[in-house]
Amino acid sequence: MPTSTALQSLGSMPVARFMRDAWQRRPLLIRNAFPGFAPPVARAALFELARRDDAESRLITRVAGRWSMKHGPMRRFPSTRRPGWTLLVQGVDLLDEGAHALLGRFRFVPDARLDDLMVSYATDGGGVGPHVDSYDVFLLQAWGRRRWRISRQRDLALVPDAPLKLLADFRAEEEWVLDAGDMLYLPPGVAHDGVAVGECLTYSIGFRAPTYQELLEPWLADFADHATISGRYADRGLRPARRPAALPAGMVGRIHDALRAKRPGRRDTQRFLLRHLTEPKAQVVFERPGRPLSARRFAEVAARRGIGLARPTRMMYAGGDVGINGECVSVPAGCGETLHVLADRRALASPAVARLPLAGHALLHDWYTAGWLHPGGGESQ
């Protein structure tokens with residue numbers, strides 16, 4: 001999903017103006033955002049994805065006011081003539097090339113924020129109930145119609161003992177019916193409820209926004225894995241203990257001073273984020289080549305055909321470091337700009353590959369044998 005395919009406008013609004021005036025500020029209804037939209041994953045294909053073991057899917061029903069939720073993989077589905085049920089499949093961009101390309105249209109937001117494409121199928125009256133998300137989302141109506149109601153309410157109390165996080169007292173302030181190709185943007189914290197008007201498909205393009213508390217533990221753990229502190233605690237001249245169970249203040253002071261002297265710097269945080277934000281989702285499995293090419297043969301093929309990143313691969317860069325699928329790599333000399341292009345375009349043309357120094361070819365070969373990229377896909381870049 002190269003950056004060249006990213007949307008330049010949302011309906012009649014240029015993307016630059018949207019980011020300035022609406023992003024994380026206010027909801028925005030965008031009529032005819034995708035004129036003549038043809039969903040890459042239609043109903044039958046979505047049902048097939050929900051049957052897969054590597055797909056994250058949920059079936060949500062509401063009968064007589066009571067909600068229920070079943071996790072996939074799915075073996076059977078209710079009749080499409082039965083009203084009031086919804087099928088959700090997460091991470092469809094990892095499972096379908098057309099969905100992956102559609103997600104690339106939203107790369108006007110940095111990859112560090114881009115999460116996934118979820119597809120929702122619902123029969124008439126189906127939905128997941130009124131709720132609040134903690135992330136930005138574009139709700140693209142892919143097929144059929146859905147009524148959306150939103151609210152800026154402060155009362156976020158939840159229905160007790162429900163399988164979903166449903167608002168107990170949702171009070172709609174605005175309402176629209178979206179047709180195929182229409183899209184609704186919602187910033188975090190806006191209460192909303194979407195109900196199908198007949199059968200429909202809705203594509204949700206979500207953007208992650210972790211809390212600082214969620215980042216604290218992995219950030220500290222990552223720093224501890226890479227930080228080194230020399231020396232060992234010592235307490236020469238220690239006097240006999242009168243109260244042996246008391247933690248010595250001198251011990252606290254010495255250890256505190258030693259640990260405090262080794263504190264994370266900006267680059268530690270940068271490296272952590274490159275690892276953390278490119279970590280593949282739990283269900284992702286990379287397909288390694290059955291009979292991998294030798295390093296020499298791979299370099300020859302890649303120099304002739306170019307290379308492309310595998311669909312599940314996440315790759316980002318900052319300064320002299322590249323993050324890829326949970327790893328942070330120091331960029332070899334003479335490779336920085338080329339690897340940045342690979343991350344941005346998700347492909348490299350053959351001339352760019354051919355110009356790489358030996359260390360760059362070795363790095364690409366390692367990623368190829370891991371299933372993170374493949375020859376081909378860069379011919380037209």
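Begin by selecting Ile-307 together with Pro-375: in this predicted model, Pro-375 of β17 is the bridge partner of Ile-307.

Residues 307–309 make up strand β12, which pairs with β17 in the antiparallel sense through three bridges.

The three strands form an open sheet whose order is β16-β12-β17, with antiparallel pairing. At its edges lie β16, at residues 347–348, and β17, at residues 373–375, each of which pairs on one side only.

With the sheet displayed, select residues 295–305. This stretch is helix α7, which packs on the sheet and touches both β12 and β17. Viewed against β17, the direction of helix α7 makes an angle of about 75 degrees with that of the strand.

Then zoom out to the whole chain. Its secondary structure comprises ten helices and 17 strands, and its C-alpha atoms fill a box of roughly 80 × 70 × 45 Å along the principal axes. Of the contacts between residues at least 6 apart in sequence, 79% join residues at least 24 apart.

Switch to a surface display for the last stop. The accessible surface of the chain is about 20500 Å², and carbon and sulfur atoms account for 51% of that area. Buried residues represent 45% of the 381 residues. Colouring by charge brings out 53 positive and 40 negative side chains, the centres of the two sets lying 3 Å apart.

Key
Residues numbered from 1 in each chain as written. Heavy atoms only, no water. Pairing = 2+ DSSP bridges. Helix = DSSP H or I, 4+ residues; strand = E, 2+ residues; numbered from the N terminus. Contact = heavy atoms within 4.5 Å. Axes fitted to C-alpha atoms, helices over the stretch in contact; angles between N-to-C directions. Buried < 20%, exposed > 50% of the residue type's maximum accessible area, 1.4 Å probe, protein only. Areas by Shrake-Rupley, 256 points an atom, 1.4 Å probe, with all protein chains shown as cover. Lys, Arg positive; Asp, Glu negative; His and termini not counted. Charge placed at Lys NZ, Arg CZ, Asp CG, Glu CD.
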